Amino acid sequence: MALLSLERVSKTFNRQPFIREVSLALAEGDILCLLGPSGCGKTTLLRLIAGLERPDSGVITFDGRDLAPVPPHRRQFGMMFQEYALFPHKDVFENVAFGLELQRLPRPDLQRRVAETLDRVGLEGFAARRISDLSGGERQRVALARSLAPQPRLLLLDEPMGALDRALRERLMADLQLILKQVGVTSIMVTHDQAEAFAVADTVAVIDDGQIAQIAPPETLYRQPVSPLVARFLGLNNLVAGRVAADGAVATPLGRFQIPGTRAAHGAQVIVLIRPEAASLAAAGGFAGPLEALIDARVQARLFQGQHYLLRATTENGIALVFTLPASTPPPGPGKRVRLRLNVSAMSLMPGPPEA
Amino acid sequence: MKPRVLALLWTAALLLAGGFSQVVAQTTQITVMTHDSFSASRETVAAFEQAHQVTLQFLKAGDAGAALNQAILSKSNPMADVFFGVDNTYLSRALTADIFQPYASPLLAAVPDHLKLDPQNRLLPVDFGDVCLNYDKKWFETRQLTPPATLEDLVKPAFKGLAVVQNPATSSPGLAFLLATVGHFGEDGYLGFWQRLRDNDVLVTDGWKDAYWGQFSGASKGSRPIVVSYASSPPAEVYFAEKPLDEAPTAAVTTPGSCFRQIEFVGILKGTPRLALARQLVDFMLERTFQEDIPLQMFVFPANREAVLPDVFRRHTRIAEQPVALPPAEIAAHRERWIQAWTETVLR
Amino acid sequence: MASPLRRQLLLVLPPLLFLGLFYFYPLLRIFIVSFLPSDLWAPLEPKRLLTSGYYLGRLWFTFWQAAVSTLLTLAIALPGACLFARYDFRGRAALQTLATIPFVLPTVVVASAFQALLGPHGLLNTVPMAIWGLSTPPIRLHQSVGMILAAHVFYNYAVVLRIVGGFWSQLAPEMNEAARMLGASGWQAFRRVSLPLLRPAILAAALLVFIFCFSSFGVILILGGPRLATIEVEIYRQAVHLFNLPLAAALSLVQIFFTFGLMWAYTALQRRSSLALMPAAAAIGRQAVQTGGERLFLCIGLLPAVLFLTAPLAALLIQSFTTDSGLGLAFYRAIFENRSQSVFFVPPFQAMGYSVGFALTALLLAVVLGLPAALFLAGPPSRLAALLDPIFMLPLSTSAVTLGFGFIIALDRPPLNLRNSLLLVPVAHCLVAFPFVLRSLLPALRSIPDSLREAASLLGASPWRVWRCVDLPIIGRALLVGVVFAFTISMGEFGATALVARPQTPTMPLAIFRFLGQPGALNYGQAMAMSSLLMLVTAAGFVLLEKIRPETSGGF
């Protein structure tokens with residue numbers, strides 16, 4: 001049974017609908033990530049779950065109980081804020097102990113719990129430090145410790161990496177996932193960074209304009225985005241319109257692709273997503289195998305990214321595509337022609353625009 | 001911002017400020033320093049200005065005491081040519097400070113002798129006001145009670161809780177009233193009077209405004225129908241009434257020995273560069289034009305016995321015939337002691 | 001490129017110069033005159049002063065009435081500040097304007113309004129007496145400490161509301177939310193998190209209110225009656241009525257030292273409790289009133305205060321329209337007529353013009369001086385800053401009459417021949433307004449973490465740019481609070497203005513006072529009408545000022 005469930009929750013601000021009839025379910029121990037661009041309503045959704053905002057309609061239940069009459073301080077949820085919201089007038093120990101004091105935990109237990117939590121987040125010995133003396137990464141860990149210490153049943157994280165620089169972010173992403181899994185707390189994380197979402201979450205919900213566009217585990221999301229919007233948000237921009245032919249192949253301006261798992265009806269308009277890793281260099285005059293297609297294009301830009309090359313190319317008929325190619329074989333430079341072999345297993349279909 | 005630019009800006013601002021104050025006079029100016037209650041009509045001022053081709057400038061510097069003190073403090077560098085507004089309670093202080101120069105104006109002949117308190121004519125009397133008890137006529141009529149006629153009436157049981165007076169330490173009419181009681185009952189008797197008045201539930205306020213506009217039933221929602229004010233207050237009530245009145249709503253108690261006469265003086269400040277003009281101005285202030293302007297502008301009586309009182313004054317008040325008068329030197333010598341004794345008796 | 005030290009000194013030089021010229025120098029001169037022997041007054045007997053129970057009694061009364069007034073104002077205004085800062089509701093701006101208007105009214109007028117409400121024949125007595133058939137008025141506050149306290153709260157509510165409320169609305173609400181998520185109820189979150197963070201602003205507001213009440217003059221004089229006198233009243237009495245300058249000067253010194261000591265303690269406290277906070281992000285601000293419970297809470301919290309603040313103003317307004325023949329505009333028409341053809345007649349629009357003109361000049365001066373002073377004090381701590389902090393506040397607590405006399409003696413020769421200058425009025429106003437601006441700005445300035453400025457610096461911003469793009473938007477609101485106060489103080493200032501203004505340039509309070517100088521129903525009505533106009537002009541001033549917001553990057 002789902003631990004947390006939202007049924008058709010809506011929220012309007014200033015007569016603008018912010019959240020439209022969102023429904024989702026979260027099982028115990030899972031980490032859900034709400035992913036979306038700024039202003040899509042993901043933070044609002046989080047705050048609705050936290051109880052800091054009230055939904056205009058819909059029901060939020062936790063462990064079978066309707067949360068509507070429960071004020072935020074009784075929900076026993078933990079929350080980590082984007083700017084951490086650490087109490088500047090208290091030191092690290094007092095910050096982390098805050099929730100425990102409110103729970104009236106006896107002093108020895110409290111001290112032990114604080115120490116344990118600080119250890120867990122990698123801040124042993126930091127108890128007496130002042131908040132103003134901490135670095136960004138340390139503050140993030142204190143914020144995490146503070147929200148974990150009271151052993152909440154649900155942890156809400158609002159852009160936990162938002163305030164950190166790139167290098168720190170990558171290191172902490174892995175740590176965060178580890179800590180959350182170790183503690184086993186059910187979590188909901190909000191972020192606009194796809195890499196973060198994929199690194200930490202069990203399930204990702206892509207939010208767009210107040211609605212859930214797609215909710216699925218990261219792999220599924222990546223391999224089978226259901227709409228161009230989701231795809232673009234994930235950074236997948238190779239979208240080509242096509243039509244399903246009688247034999248099940250998809251006819252596109254780039255050629256005919258026999259994409260496995262095509263279930264669309266004959267004649268249906270579809271959009272083909274070609275993932276960046278689909279391409280490899282083909283010798284000029286090469287042949288396409290059964291699960292491959294060949295395209296010719298002119299290189300617009302070639303960016304070396306360390307482990308791979310990012311290649312931007314435009315086909316004869318003006319379609320711009322982006323691919324990643326292994327660093328071992330440098331592709332031609334800008335302006336040159338290139339022949340690419342596309343692997344149809346790295347392609348997926350999504351419904352196209354409705355017929356005019 | 002570059003520090004140099006900052007510094008430049010500040011200097012410019014200061015220079016501007018300095019330049020601001022240098023007002024270049026177009027015509028000759030003569031300045032009269034006075035207090036807040038001073039007033040004169042446009043016509044009268046214009047009359048003087050045109051007759052002498054000057055601009056008359058006024059400098060108002062607070063109440064009578066504050067203005068005088070400022071004149072004394074600026075003795076070495078006077079701010080004006082003429083000072084108007086020394087009254088008999090401050091006369092000694094003004095003369096001791098030695099800021100006025102004598103001038104025996106020919107118009108003094110028209111002024112009654114009892115008003116000329118400075119034999120050396122450093123300060124010349126311009127007007128006088130009688131500080132008297134005022135009472136609310138309607139209040140007494142409605143209850144069919146006799147209004148007070150003398151100071152002694154105030155301590156009678158019939159008048160318990162009906163009077164409001166001002167603190168002599170902070171109010172000019174308050175001080176005048178205290179001096180009236182000192183003059184009327186004598187040094188030995190005035191404290192006894194105040195003791196009985198206190199027992200008769202008299203209310204004391206700090207100033208005339210809060211007594212008149214706050215407690216006097218004739219002018220506010222207060223509950224006291226007797227207030228210390230001026231003999232000119234009833235005519236003022238008629239003059240400044242919303243609708244024309246036949247009868248004044250209040251009346252003043254002007255029986256012998258119940259009022260104190262406050263006389264106001266004008267003097268030429270020492271060090272004025274425009275002595276001749278200043279003398280002409282003093283003359284003007286004692287002339288009928290200015291004197292007849294005084295009642296409706298300042299609500300006091302003109303010193304010049306030839307000046308005609310306006311109708312509203314003649315109908316609604318009279319000049320007290322035997323007001324209390326105390327020599328200014330005596331006032332100066334004992335004032336603080338009297339106030340102290342009064343405070344002990346009435347307030348503690 | 002100037003060193004930071006030089007820049008700091010340049011910052012603090014103008015306000016110091018101003019204070020030196022217009023405060024310390026006149027004060028010094030008047031003290032010298034007062035304490036040197038003269039035949040105009042008796043020499044001072046210091047022993048008598050110190051051992052006299054009377055003056056010690058006055059000092060004690062001055063102190064405790066100010067302390068109780070401050071506590072009372074805080075108690076009544078803090079809930080209001082909370083509601084103002086956190087909630088958005090209809091009429092919020094109007095209410096804030098309304099709360100600040102009392103500041104501008106001359107005490108005489110306020111006393112009259114209070115009488116109309118609380119006096120023995122006032123509304124709050126006559127109505128219950130009629131309803132319940134009582135024989136004596138139930139509320140007997142006349143000439144009592146109660147009246148003084150009530151009037152002080154009435155005047156100073158806005159100080160707490162704006163300073164604490166303004167600062168509060170800058171506090172990131174996340175901290176309060178974080179506390180609530182950790183299990184704290186609304187009250188617990190407030191007590192343990194919000195309140196400690198608000199301390200700088202609360203202390204600043206409390207200090208201003210205290211000093212204001214400590215040197216309160218009109219309220220004590222009129223509403224307290226002759227038995228209740230503070231040091232300020234004593235000074236006035238001695239200086240003006242008795243011309244006993246030595247005693248007046250001695251009492252002034254006592255007043256100054258006392259305030260200095262208080263300020264010293266306060267600033268030490270303030271420096272230690274300042275915390276760097278992350279200022280609120282743009283979109284977060286007040287929330288709309290959502291639940292019925294919240295609405296009720298809002299009503300309970302605000303209604304009594306609203307009633308208390310607006311009732312006297314309403315009484316005033318009603319009185320200005322109440323003529324013999326019912327409600328009408330007779331008094332308003334009358335103020336435009338020069339009935340007695342006096343040469344001192346004040347045309348209302350002219351008075352308005354001068355009042356507003358002086359107010360804007362004083363405001364500009366106060367900001368131009370207050371901002372650098374605040375920047376200096378909020379900068380790196382130094383002995384100089386610790387000393388100057390209390391010194392900058394001194395003008396607020398010094399008797400206007402002492403200073404006025406000082407001006408007469410000190411500013412009489414070029415290059416300082418400003419005795420009769422038009423400029424003296426805004427200068428006098430600025431002396432009082434400048435501490436307000438300073439105190440409004442400091443908590444906000446001190447709350448900006450250095451890291452923000454450093455980050456901007458590292459990104460290549462020059463110090464001016466840093467200030468413009470980092471400090472200014474953040475302190476924008478605090479600056480606005482200071483500006484509004486400076487405006488209000490100047491519009492309502494009477495004591496100093498009466499001493500230094502020229503009759504050609506009268507202000508509205510002076511005009512009101514003039515009306516009350518003579519008996520007559522017409523005079524009283526005109527005074528009420530002019531007071532109502534003063535309220536209107538001030539309110540309009542607020543609305544316009546609040547529209548001028550300094551360029552902000554994140555909004556506030």
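Predicted model: local features only at pLDDT ≥ 70, side-chain atom pairs only at ≥ 80, totals over all residues.

Of the two pairs of chains in contact, chains B and C share the most contacts, whereas no contact joins chain A and chain B, whose closest C-alpha atoms lie 29 Å apart.

Between chain C and chain B, 73 residues of chain C are in contact with 72 residues of chain B, and the two chains bury about 6600 Å² between them, with 59% of that area on carbon and sulfur atoms. C:His241, C:Phe344 and C:Pro519 supply 10% of the area that chain C buries against chain B, more than any other three residues. The rule finds 20 residue pairs in polar contact across this interface, while the count of salt bridges between chain C and chain B is zero. On the side of chain C that touches chain B, the residues divide into 42 nonpolar, 22 polar and nine charged.

The interface of chain C with chain A involves 22 residues of chain C in contact with 26 residues of chain A. About 2100 Å² is buried between these chains, and carbon and sulfur atoms give 69% of it. Here C:Met181, C:Leu182 and C:Arg192 supply 37% of the area that chain C buries against chain A, more than any other three residues. Two salt bridges are counted between chain C and chain A, and in one salt bridge the side chain of C:Arg192 meets that of A:Glu101 at 3.3 Å, N to O. Helix H8 (173–181) and helix H9 (186–214) of chain C are the elements that give two or more residues to the side of chain C that touches chain A, and H8(C) provides the largest share, seven residues. By class, this side of chain C has 13 nonpolar, five polar and four charged residues. A network of salt bridges also links A:Arg47, A:Glu53 and C:Glu177.

Over all chains the count comes to 27 salt bridges, and several lie within a single chain, as the following pairs show. In chain A, the side chains of A:Arg112 and A:Asp109 meet at 2.8 Å, N to O; being three residues apart in helix H3 (residues 107–120) of chain A, they are separated by about one helical turn. A:Arg112 is partly exposed at 48% relative accessibility, and A:Asp109 is partly exposed at 31%.

A:Arg169 and A:Asp193 also form a salt bridge, at 3.3 Å, N to O. A:Arg169 lies in helix H5 (residues 166–183) of chain A and A:Asp193 in the loop between strand E8 (186–191) and helix H6 (194–200), so the pair ties together parts that are 24 residues apart in sequence. A:Arg169 is buried, with a relative accessible area of 15%, and A:Asp193 is buried at 12%.

In chain B, B:Arg261 forms a salt bridge with B:Asp130, the closest N and O atoms being 2.8 Å apart. Because B:Arg261 lies in strand E10 (residues 260–269) and B:Asp130 in strand E5 (residues 124–136) of chain B, the pair ties together parts that are 131 residues apart in sequence. B:Arg261 is buried at 7% relative accessibility, and B:Asp130 is buried at 1%.

Two residues of chain C complete the tour. C:Thr402, in helix H17 (residues 400–410) of chain C, is buried, with a relative accessible area of 6%, and its contacts beyond four places in sequence are C:Leu27, C:Ile30, C:Phe31, C:Ile235 and C:Ser252. C:Ile300, in helix H13 (residues 292–321) of chain C, is exposed, with a relative accessible area of 59%.

Methods. Residues numbered from 1 in each chain as written. Chains lettered and ligands numbered in written order. Heavy atoms only, no water. Helix = DSSP H or I, 4+ residues; strand = E, 2+ residues; numbered from the N terminus. Buried < 20%, exposed > 50% of the residue type's maximum accessible area, 1.4 Å probe, protein only. Contact = heavy atoms within 4.5 Å. Buried area = accessible area lost by both parts, 1.4 Å probe. Salt bridge = Lys/Arg side-chain N within 4 Å of Asp/Glu carboxyl O. Nonpolar A, V, L, I, M, F, W, Y, C, P; charged D, E, K, R; others polar. Polar contact = N/O pair within 3.5 Å; in protein donor to acceptor, adjacent residues only side chain to side chain.
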